[in-house]
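Colleague: I have a model open and want to learn how to read it. Can we take a few features one by one?

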Amino acid sequence: MSKFISAGEYAARRASLLAALPAGAVAVIASQPEALRNGDDNGFAYRASSDILYLTGFAEPNCMLVFDKTVAKSAGRLLMFVQPSEPSAEIWHGKRCGIDGVKQLFGADAAYGTKSFAKVLGPLTKRARSIFYKRGINLKVDAIMLPFCKNRRLKNPLDLVAAMRLIKSPGELQIMRHSGKVGSLSHKLAMRHCVAGASELALRGVLDLVNATNGGVNSYDTIVAAGANGLCLHYSAGQTILRDGELVLIDAGSEIEGYASDISRTFPVSGSFSQAQKKIYEVVLAGQLAAIAAIKPGITWNQLSDACDAELTEGLVRLGFDISASGLKLGDVMPHSLGHWLGLDVHDVGAFSGKMPFQAGMVLTIEPGVYLSLTDERIPEQYRGICVRIEDNIEVTADGAFVQTADAPKAVADIEHLMAASGVRQAAQYSLSKLTVPVGK
Ligand SMILES: [Mn+2]
């Protein structure tokens, strides 16, 4: 159960979805299946489907929500199909909420065991005038649903939920600010513990520790990229050893009550930027700050990208880059977009278009990056191999913007000051490099 979202708010969300469905409709939302990591019984930790979390707060696997508007003159009702209580399974996997539990705690008007799904949905889909179901999420549920839906045009219920999820409520913003704070703290601690000789994975451990001690988990696979490893945008932390003179790029976030933060920071392993690193870093930061400064209701993604691109282009040209029709394109050094929506999914749902005006309650990332190839001769030599990304999470407010991740330092002076002042980094007795066992020894 959420500490921030009341039972009444969940009920209001379900009422909105039911109101958006036409009379006579039935909408089915299935949880994604549990996934095996390897072997036949070693699974990944289960993370509930975001749409089910949004509509109920219910986090167990093997759940189907059915919104039934087939009953004349009724606003509609929610049927939940869940794993029933079963001591022999619960001894391994923990207590289940059960059929009565979801009626009491999660707002189901009626509840059944998952095994009853086909029996209940057969007649329900038959009398439904329209069916909202997204195929491909759970193949076992597809196998039951698709024969019921033969010759009928399926509509996507998740589009309706996505439109709701795009604008965050005060409760959701409260959780996201918290998730931004925990994520920021993890980056700050990584800076404090960063020492040459440690591996990328050791630094990931620092981020994990902050999450674990604050009730969070990683909101996605943590990126810790030493030096030119940052050229791979979704590089996963590995065995590479952090070296003095290089930068390290960390892209990592916390997930609290399902809500993600998504933060990138880039800093020097030694605690001091080289002249070349600092020059590229300052260009990226200027681009990021220009975009953030422009955020307010009514602004569009295209306008923010233009503001950032202008700074990046001007800054790189000043450093001697040939950004021109015959030389480098900005896209050659920044091959991704400026940002994305953020929420229950790290790349959150909701209509995404360059021209759509922002509204208060939207939450997004602003994350310009510059990634300079080791081998591209169009790049001035002293800058090759430098990779910088700076990413913050921003909510659109009634009259501007609020940065949820401001606790993670990003000004050059602030990073250098934090790293210089760190007692942990100074302490010869304790450092991650001493805890890191080099490969082959
Ligand atoms: Mn991101």
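Predicted model: local features only at pLDDT ≥ 70, side-chain atom pairs only at ≥ 80, totals over all residues.

Colleague: Is Gln277 buried or exposed?

Modeller: Read the relative accessible area. Under 20% means buried. Gln277 has 6% relative accessibility, so Gln277 counts as buried.

Colleague: What does the side chain of Gln277 reach?

Modeller: Look for a pair of N or O atoms within 3.5 Å. Here the side chain of Gln277 reaches the backbone nitrogen of Ser274, at 2.9 Å.

Colleague: Which residues is Gln277 in contact with, leaving aside neighbours within four places in sequence?

Modeller: Gly245, Glu246 and Leu247 are among them. Pro268, Ser272 and Ile386 complete the list.

Colleague: Now a loop residue. Where is Thr300?

Modeller: Thr300 sits in the loop between α10 and α11, the latter spanning 301-318. Apply the accessibility test again. Thr300 has a relative accessible area of 10%, so Thr300 is buried.

Colleague: What is Thr300 in contact with, beyond four places in sequence?

Modeller: Thr300 is in contact with Gly354, Lys355, Met356, Pro357 and Phe358.

Colleague: Next, helix pairs. At what angle do α5 and α6 cross?

Modeller: The axes of α5 (residues 117-127) and α6 (residues 139-148) cross at roughly 25° and come within 10 Å. Angles under 35 degrees count as roughly parallel. Therefore α5 and α6 are roughly parallel to each other. Their crossing is right-handed.

Colleague: Which residues meet there?

Modeller: From α5, take Phe117, Ala118, Leu121, Gly122 and Thr125. They meet Val141, Ile144, Met145 and Phe148 in α6. By type, the contact of α5 with α6 has seven nonpolar residues, two polar and no charged.

Colleague: And how do α8 and α9 pack?

Modeller: Helix α8 (residues 170-193) and helix α9 (residues 200-213) pack at an angle of about 140°, with axes 8 Å apart. This crossing is right-handed.

Colleague: Which residues make the contact?

Modeller: On α8, they are Val182, Leu185, Ser186, His187, Leu189, Ala190 and His193. On α9, they are Leu203, Val206, Leu207, Val210 and Asn211.

Colleague: How many residues of the contact of α8 with α9 are nonpolar, polar or charged?

Modeller: Eight are nonpolar, four are polar and none is charged.

Definitions and conventions
Residues numbered from 1 in each chain as written. Heavy atoms only, no water. Buried < 20%, exposed > 50% of the residue type's maximum accessible area, 1.4 Å probe, protein only. Polar contact = N/O pair within 3.5 Å; in protein donor to acceptor, adjacent residues only side chain to side chain. Contact = heavy atoms within 4.5 Å. Axes fitted to C-alpha atoms, helices over the stretch in contact; angles between N-to-C directions. Helix = DSSP H or I, 4+ residues; strand = E, 2+ residues; numbered from the N terminus. Parallel < 35°, antiparallel > 145°, perpendicular 65-115°, else oblique. Left-handed = near helix turned anticlockwise from the far one by under 90°. Nonpolar A, V, L, I, M, F, W, Y, C, P; charged D, E, K, R; others polar.
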